[in-house]
Amino acid sequence: MSPDYRTPGSVRSAAEVNEHIRALWLRAGGTLSAQERAEYELLVVEWAEAIRARIIEAA
């Protein structure tokens, strides 16, 4: 399955990205292939950006 890349300029919530991360791990059965690992890394970066944006917005 191909990674769900973001559209430039679009912002998903941390919760939405977290759901994608959980779904990836479930699909992978707990062991990520190289392609899934790359997708996971992109999702984690996106999740961190969403968390950071939420913190900045709250401040």
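Is the crossing of α1 and α2 left-handed or right-handed? I looked it up in this predicted model, and the crossing is left-handed, meaning that the near helix is turned anticlockwise from the far one by less than a right angle.

Notes on the model: residues are numbered from 1 along each chain, and side-chain values use heavy atoms, without hydrogens and water. Local features need pLDDT of at least 70 and side-chain atom pairs 80 or more, while totals for chains, interfaces and linings use all residues.

Entry on the fold. I found two helices and zero strands (DSSP runs, H or I of at least four residues for helices, E of at least two for strands, numbered from the N terminus).

Entry on the pair. The axes of α1 (residues 14–28) and α2 (residues 34–58) come within 9 Å and cross at roughly 160° (lines fitted to C-alpha atoms over the stretch in contact, angles from 0 to 180 degrees between N-to-C directions). That makes α1 roughly antiparallel to α2 (over 145 degrees).

Entry on the core. I listed V17, I21, L24, A28, L32 and L43 as the largest nonpolar core, a set of buried Ala, Val, Leu, Ile, Met, Phe, Trp, Tyr and Cys residues joined through side-chain atoms within 4.5 Å. Four of these residues, the largest share, come from α1. Buried residues (under 20% relative accessible area, 1.4 Å probe, protein chains only) make up 20% of the 59 residues.

Entry on L32. Not counting residues up to four places away in sequence, L32 touches L24, W25, R37 and Y40 (heavy atoms within 4.5 Å).

Note on methods
Parallel < 35°, antiparallel > 145°, perpendicular 65-115°, else oblique. Buried < 20%, exposed > 50% of the residue type's maximum accessible area, 1.4 Å probe, protein only.
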